[in-house]
Amino acid sequence: MENNATREQRLSALRQRTTSPVLIVGGGINGISTFRELALQGIPAILVEKGDWCQAASGALSRMIHGGLRYLETGEFTLVKESVIERDRLLKNAAHYVFPLRTTVPIDNLGGGLINATRRFLRLSDKPTRRGALLIKTGLSIYDVYTRQFGSMPKHQVRGEAATRDRWPAFAPWVKYSASYYDAWICAPERLGYELIEDAERACPDALALNYLQLVSADGESVTLQDALSGERFTLQPHVLVNAGGAWIDQLNQRLAPTDQFSKLIGGTKGSHLIIDHPDLLHLLDGEMVYFENQEGRVCIMFPWFGKVLLGSTDIRVDDPDSVVCEEAEKAYILESLRFVFPNIVVPESSIVYTFCGVRPLPASDAKVNGQISRNHSLVLLPPDAAHAYSLLCLVGGKWTTFRQFGEEAADRVLRLIGEKRRVSSGELPIGGGRDFPAPSGQTAWLAQLAQQYSLPLSRVSQLVRRYGSRALPILQIIQQQGEQPLQHHAGYSDLELRYVIEHEQVQQLEDLLVRRTSLAICGELTPSLVAEIAELMADLRGWNSTQRQHHLHSCCASLARQHGLTRLNPTLFQEETRHVSQ
């Protein structure tokens, strides 16, 4: 399917498909990765997602791409090795979105935690405990071995009290030592997810990905899909059905075969994060992440986020993934954890500009402490039987850093089921805007060359390249040909730029654009005037009349308030704002 195909063209292609070798249900990062791996082998798989791409847990990660340092303590050495390899692959293959992140761990003692760490390693204890400098140095030394063998990050460093105070004068009095090492962070995970889909459809034109398409029923041989926007239904017979539903895996299995044959696979935990606007804390961090244990031993993080600070996270067992939001008690817990390490930092409620929350699709577990549940992934194959004529492959667990490896494993299992073989490895393939993206040493000259080539200000070229990597080039060409005007209520975006994104990236709802294709929401840049202006633009492209536009505005506003704490986007303001924008 061509990347710029309209939704109607995609639905028309689906109407012509009554069978499919592979149907993947779930458009989070693991489902997307599996889709890409199969498309690279020429398999015309179909990928469907009931909402938008990376809308749930895959859009609610801590924004870290990490090598799994803390998995050493539970003896998951294979996961650490895999994580380090995949982290460094993303640093190379998605260099437009993934960057090194210097990380500091504050420490309160020299030798603490050794006995309990040994007990946890031997699975004799789930009890959290504070880790001393010797234990952390031991872990980082092992981490360095993996990094030198499989990665490229600098070695760790341990500081004594004087050096720690010199670098971190605002640390709490209990901090006696500190250790620093490197991991990575991702600035636009949802965009990277979409770019993987785009790459997949380019590799196999018969592969087809559709968001807002839900599996609603099954009869044993066929499944019924329903377009969430029009209500139209489609019947499809898959040879293999991949359940990549994340926290919804068990629910989907029951829909496919409502019997007791399926055991519970998922025991998800909820993780909430805050984005705060706090210049003093931002200045203290000075480009680094602080990775620390709070007063009860729970690992927390804070690091700079586009001029603000990202804080997280909680780890709470949940049964209903549809109901999760960042509760007031979680906000208080996260801020209390911040005060534990920076006691003189005061964060008023008004400093919280955005909250986000997702359910980690962890494997079902009897562990007493959520942090002890494995972050590894696994495949559960349910062969054809009387309840379903297709093979059912369930993707359990996993984490963002290792999505490529998990997708590769899932695709290899599918290939065996359909009698095909792997032709292409994705290990060294650049992703989306990471293709033809220069190394840091060559970026200044490249940007200057682009500014000259397209006769545009260097600042605007740099801005678009930061957002889209090398995928900015067609946008630059259109701007050169047609010119552009900045939005009335946000000078950093233009009408032309957003129109391009809407038309080329399967943007169906207003929230898709505000939350997942741009960083406007998570960076705290939304105002009623701006949302109304962008809704007017969406209405023009999608053919919404004034009533439909108002409906989308109010629906989006209510979702942003409920899911992300953006209560300042009061629906009662929109009618007046929309009239103003329309004039």
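Which residue forms a salt bridge with Arg-15?

1. In this predicted model, the partner of Arg-15 is Glu-232, with the closest N and O atoms 2.8 Å apart. Arg-15 sits in helix α1 (residues 7-15), while Glu-232 belongs to the loop between β9 (223-227) and β10 (233-243), so the pair links distant parts of the chain, 217 residues apart. Both ends are partly exposed: Arg-15 at 38% relative accessibility, Glu-232 at 26%.

2. Next, please look at Arg-516 and Asp-52, a salt bridge whose closest N and O atoms are 2.7 Å apart. Arg-516 comes from helix α16 (residues 510-517) and Asp-52 from the loop between β2 (46-49) and β3 (64-65), so parts 464 residues apart in sequence are tied together. Here Arg-516 counts as buried, at 4% relative accessibility, and Asp-52 is buried too, with a relative accessible area of 0%.

3. Lys-92 pairs with Glu-428, and their closest N and O atoms are 2.4 Å apart. Helix α3 (residues 77-93) holds Lys-92, and the loop between α11 (403-417) and α12 (440-454) holds Glu-428, so this bridge ties together parts 336 residues apart in sequence. Lys-92 is exposed at 51% relative accessibility; Glu-428, at 48%, is partly exposed.

4. A network is also worth a look: salt bridges that share partners join Arg-191, Glu-195, Glu-198, Asp-199, Arg-202, Arg-435, Arg-471 and Glu-505.

5. Finally, the overall tally: the count comes to 39 salt bridges.

Key: Residues numbered from 1 in each chain as written. Predicted model: local features only at pLDDT ≥ 70, side-chain atom pairs only at ≥ 80, totals over all residues. Heavy atoms only, no water. Salt bridge = Lys/Arg side-chain N within 4 Å of Asp/Glu carboxyl O. Helix = DSSP H or I, 4+ residues; strand = E, 2+ residues; numbered from the N terminus. Buried < 20%, exposed > 50% of the residue type's maximum accessible area, 1.4 Å probe, protein only.
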